Amino acid sequence: MFLAHGARAWAAGTLGVALAATAAAGLALTPPGPAPGGVIISPGVRHLEHEARLGSSTTAQCEQTIHIACYNPVQIQRAYSLPALYAHGITGKGATIVIVDPYGSPTILSDLRDFDSTESVPNPPSLQIIRPAGAVPAFNPHNAGMVGWASETTLDVEYAHTIAPGAKILLVETPGGGKAGTVSMEQIVTAEKYVISHHLGGVISQSFVATEQAVGSAAIQSLRGAYQAAYSSHVTVLAGAGDSGAAGFQANQQSYYTYPVTSWPASDPLVTAVGGTRLNLGASGSRNAADTVWNDTYSQTANQLVNGDNGPNPLAGGGGKSVVFGRPSYQSGVGGVVGAHRGVPDISMSAACTGAVNVYQSFGGEPPGWYALCGTSESAPLFAGIVALADQVAGHPLGLINPALYKLASEHAAGIVSVRSGNNTVSFRQGGRSHTVHGFGAGSGYNLAAGLGTVNAQYFVPELARLAGH
């Protein structure tokens, strides 16, 4: 069984895909199919080309050269009203963000320094790397899988740090299993349990996913131990909601399901599922328009960059109803939307491929330099930074934040901002036929495209700290 590696990455011409993984509590399960013998994570990254500049590109330069918008840290910070928090010393100080990535990146320490110096982001108090599940093999620049995971790692670290520049970062690398470039989920669980039992961080961000049906409920059950441990130890766990809209890959990682599906571990009730939005920002980071649901499925420009054709191809934020987990109590107030099922996502952040972020990387296999990346592999670490800020305000890790999220929304808290337009319907050709998987639309209140919406951090961070901190 394979899980797709969960970030969309590219720059002047092609892109790599990544996705997310984690797990959770003891709600009733409805088996979607036979359990696989073992769950393996394998990156689905394509080669990418870097921006044709010595430094990171501005939005206008990206629009001129690769015909999409790209954003730098200052724009992202201002879009989420973070300077108002920074002015009061709320930078994530005292918090630790844990990022779990197979293989990691051999150049992440120097890449983050270069990223910070170019983008005027303060260096983190520390960036530590541990490998509790075993030694990581030497980086092979000719192995597309390892190159893909290195790109994933770079995006995760640089943009969690962008949001919470004062937080410590703990990068947890796992060694892989079988042929180089593949990774066993069991190793990730082992590594996460180590982090949790040794109290090494308050929020765990992961950016890889698999369709529930492709994994099977028995395998999901067997891999939930780390997330049950996180819940018991008051650690927040995040997962991206996926990059294929209402569709998702079958077990072969080549074919899509032709009906709506949902991705795990975002679907686990003990995990906060982070969906994707499309920002429309000016050069300063001010919004030119309200956020919409990320959906580049029908964008010829995005499809050319990501897939090398005009599309359509699934390229949108994941969301839908779980077939494995029943509705958790914190979603009772949105039962009219989710029915008897766990609904995904819970919250959303920037992820669009037509509104990507600038990332610096220098590991082998691709030219060193600046790249534009996207996907829920962006939105998950962005939200991890938000949680780290709230951890600082509360003075301790917040643990499972989902009950607080839904309570804040029910109170119409100023920090939660509705995403009112867009959908995650996707189309593609498969088996000589055209298929459309009809997804879900955005709107006021909770929906299965953007969840509760997105955040205005100036208000959301203290609200979350107050409500989840008790």
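Analyst: Strands are DSSP runs of E with at least two residues, helices are runs of H or I with at least four, and both are numbered from the N terminus. The model discussed here is predicted.

User: Which helix gives the most to the lining of the second largest pocket?

Analyst: The second largest pocket contains about 290 Å³ of space and has a lining of 17 residues, with Ala409, Ser410, His412, Gly445 and Leu452 lying nearest its centre. By residue class, this lining divides into 9 nonpolar, 7 polar and 1 charged. The greatest contribution to the lining, 4 residues from the stretch 402-410, comes from helix 13.

User: What is phi of His412, and is His412 buried or exposed?

Analyst: His412 follows helix 13 and lies in the loop between that helix and strand 22. At 71% relative accessibility, above the 50% cut-off, His412 counts as exposed. Its phi is positive although the residue is not a glycine, with a value near 55 degrees.

User: Where does Tyr103 lie, and what is its phi?

Analyst: Tyr103 lies in the loop between strand 7 and helix 4, and with a relative accessible area of 6% it is buried. The place of Thr107 is in the loop between strand 7 (96-102) and helix 4 (108-119) as well, and Thr107 counts as buried at 17% relative accessibility. Leaving aside neighbours within four places in sequence, Thr107 is in contact with Ser362 and Phe363. For Tyr103, which is not a glycine, phi is positive, at about 70 degrees.

User: Why does the pair of Tyr256 and Phe428 tie together parts that are apart in sequence, and how many residues apart are they?

Analyst: The structure holds 11 aromatic pairs. Tyr256 and Phe428 form a tilted one, with 5.0 Å from centre to centre and 45 degrees between the planes, and both residues are buried. Because Tyr256 lies in the loop between strand 13 (236-240) and strand 14 (263-264) while Phe428 lies in strand 23 (residues 426-430), the pair ties together parts whose separation in sequence is 172 residues.

User: Which residues form one aromatic cluster, and over the face of which residue does Arg287 lie?

Analyst: One aromatic cluster is formed by Phe115, Tyr159, Tyr360 and Trp370. Arg287 lies at 5.7 Å from a ring centre, over the face of Tyr80.

User: Is Gly451 buried or exposed, and how far apart in space are Gly451 and Tyr406?

Analyst: The place of Gly451 is in the loop between strand 24 (433-437) and strand 25 (454-455), and its relative accessible area of 0% makes it buried. Not counting residues up to four places away in sequence, Gly451 touches Pro345, Asp346, Gly445 and Tyr446. Tyr406 is 45 residues away in sequence, and the C-alpha to C-alpha distance between Gly451 and Tyr406 is 9.9 Å.

User: What is omega for the cis peptide bond that joins Trp264 and Pro265, and what is omega for the one that joins Gly311 and Pro312?

Analyst: Pro265 has its place in the loop between strand 14 and strand 15, whereas Pro312 is in the loop between helix 10 (300-307) and strand 17 (320-326). For the cis bond joining Trp264 and Pro265, omega is about 15 degrees. For the cis bond joining Gly311 and Pro312, omega is about 5 degrees.

Methods
Residues are numbered from 1 along each chain as its sequence is written. This is a predicted model: local features need pLDDT of at least 70, side-chain atom pairs count only at pLDDT 80 or more; totals for chains, interfaces and linings use all residues. Side-chain values use heavy atoms; hydrogens and water are left out. On a 1 Å grid over the protein atoms alone, a cavity is a set of points where a 1.4 Å probe fits but cannot get out, and a pocket is an open set with protein on both sides within 12 Å along at least five of seven lines; lining residues have an atom within 4 Å of a point. Grid points are joined across faces, edges and corners, and a volume is the space filled by probe spheres set on the points. Ala, Val, Leu, Ile, Met, Phe, Trp, Tyr, Cys and Pro count as nonpolar, Asp, Glu, Lys and Arg as charged, and the others, Gly among them, as polar. Rings of Phe, Tyr and Trp (its six-membered ring) pair if their centres lie within 6.5 Å; planes under 30 degrees apart count as stacked, over 60 as edge-to-face and the rest as tilted. Buried means under 20% relative accessible area, exposed over 50%, partly exposed in between (1.4 Å probe, protein chains only). A charge sits over a ring if NZ of Lys or CZ of Arg is within 6 Å of the ring centre and within 35 degrees of the ring normal. Contact means heavy atoms within 4.5 Å.
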